[in-house]
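Please look through the sequence and the model before reading the comments. The points below are meant to be checked against the coordinates.

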Amino acid sequence: MIAAFFERLNETQGLNFSVFYDAFDASRFLTGLWTTSYICVVSILASLALGLAGVWVAGGGSRLGRLVVRGYVQFFRNTPPLVQLSFFYFAVGGLLPRVSDGFGGLSPPVSGTGWAIIAFSLFAGAFNVEIFRAGIEAVPATTVEAAESLGYTRLQLYIHVVLPLAFRICLPALNNNLVNLVKTTTLAYAIGVPELLYAASQIWSESFNVREMMNVLLVTYVLLVGVLVLVMGRWEKAMRIPGYTT
C-alpha cells in the first residue's frame, strides 16, 4: 500500500520518493542506513572507551602519560575531522602493506569503513577525555577523601565512587558530543564509504530526485539523532541519584 501510494504520487505530482517503491533504491538506502548505524554505534563505544582510558592516564602519576594524553587531545580537538579522516585513509593507509583478499588479489588491510570508525572514534574520544575530566573534577573532594579513608584503591575509587557521580555530571556535555559524532559520520562520504549520504547521492544522480532524497535524508538523520537522545535521556534518568544535586 505504501509503495503504491508513493508510485502514484510520482505519477500524478512528480514527487519521486523512489526509495519507498523501487526495490533497488530501497536496498541501497537501507544498506547506507545500516553502514551509518554501524559506524555510529562502534565509534560511540570506542570513543567512550578512549575517553575513560585517557582521563585515567591523565589523572595518573606518569608525566609521560599525561603528556601523551594532552598531545592526543590537542591534536584531535584542533584539527578538522575531515582532514583527520583523509590523513588516516590516504597517508596512514597508503603506508600499510596490502593483504590477500582470498581471490588471488591484494586489498588494503583496513577498509574505508574501518578508517572512518578509527578517525571518528579518536576525534570524539579527545572531546570525551575533557568531558570526563570536567565531570571527575566536579566530584566533591570530601567524597573522594571519605572513600580513600575507607581504604579504596584508585581503581575501586573510580569504579564505585568517582565515575558514577562524574557520569551524572557530564552526561549533558557527553550527549552533545555523541550527537555531533553521529552527524560527523557523513564525512565518510569523502572516502567512498557507502553510508547514508553516499547512498542518497547515488540514488538522486540516477533518478534525478535530489529534492525528495534530501528530505528523506534529513528526516532519517533526525530519527537517528532522536534515538540517541532518547537513549542518553534514559541513561541520565537511570544515573540520577536522589538528593545529589551537584
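The numbered points go from the basis of the model to the record, then to individual elements and residues.

1. Basis. This is a predicted model, in which local features need pLDDT of at least 70 and side-chain atom pairs count only at pLDDT 80 or more, while totals for chains, interfaces and linings use all residues. Residues are numbered from 1 along each chain as its sequence is written, and side-chain values use heavy atoms, with hydrogens and water left out.

2. An unreviewed UniProt entry places "domain: ABC transmembrane type-1" at residues 33-229. UniProt positions are given here in the numbering of this chain, with feature names shortened, and annotations may be inferred rather than shown by experiment. In the model, residues 33-229 are 78% helix and 2% strand, and the end C-alpha atoms of the span lie 18 Å apart. Helices (H or I, at least four residues) and strands (E, at least two) are DSSP runs, numbered from the N terminus.

3. Transmembrane spans in the record. The unreviewed UniProt entry places the feature "transmembrane region" at residues 36-58, 79-96, 116-136, 186-204 and 216-235. Residues 116-136 are 100% helix and 0% strand, with their end C-alpha atoms 30 Å apart. For residues 79-96 the figures are 83% helix and 0% strand, with 23 Å between the end C-alpha atoms.

4. Thr36. This residue is found in helix H2, residues 23-58. Is Thr36 buried or exposed? Thr36 is buried, because its relative accessible area is 0%; buried means under 20% relative accessible area, exposed over 50%, and partly exposed in between, with a 1.4 Å probe and protein chains only. Leaving out residues up to four places away in sequence, Thr36 touches Thr185, Glu195, Leu196, Tyr221 and Leu224, where contact means heavy atoms within 4.5 Å. Trp34 also lies in helix H2, but Trp34 counts as exposed, at 58% relative accessibility. The C-alpha atoms of Trp34 and Arg70 are 34 Å apart in space, for 36 residues in sequence.

5. The largest pocket. About 230 Å³ of space lies in the largest pocket. Grid points are joined across faces, edges and corners, and the volume is the space filled by probe spheres set on the points. H2 and helix H9 (210-239) each supply at least two residues of the lining. Lining residues include Ser37, Cys40, Val182, Leu224 and Met232. By class the lining has 10 nonpolar, 1 polar and no charged residues; Ala, Val, Leu, Ile, Met, Phe, Trp, Tyr, Cys and Pro count as nonpolar, Asp, Glu, Lys and Arg as charged, and the others, Gly among them, as polar.

6. Helix H8. H8 (residues 196-207) has 12 residues and reaches 16 Å from its first C-alpha to its last, close to the 16 Å expected at 1.5 Å a residue. The expected span is 1.5 Å times one less than the number of residues. The buried residues of H8 are Leu196, Ala199, Ala200, Ser201, Ile203 and Trp204. H2 and H9 are among the elements that cover them.

7. Phe208. This residue is found in the loop between H8 and H9. Phe208 has a positive phi of about 55° although it is not a glycine. Most residues other than glycine have a negative phi. At 72% relative accessibility, Phe208 counts as exposed.

8. Leu82 is in helix H4, residues 81-95, and is partly exposed at 35% relative accessibility. Beyond four places in sequence, Leu82 touches Leu187 and Ala190. Val110 is found in the loop between strand E2 (106-107) and helix H5 (112-137). Val110 is partly exposed, at 22%, and its contacts, neighbours within four places aside, are Leu96, Trp115 and Ile118.

9. Thr143. Thr143 sits in helix H6, residues 141-149, and counts as partly exposed at 28% relative accessibility. Which residues does Thr143 touch, not counting those up to four places away in sequence? They are Val161 and Leu165. Thr143 and Ile203 are 57 Å apart, C-alpha to C-alpha, and 60 residues apart in sequence.

Key. 1 Å grid on protein atoms, 1.4 Å probe; cavity = no way out; pocket = protein on both sides within 12 Å on 5 of 7 lines; lining within 4 Å.
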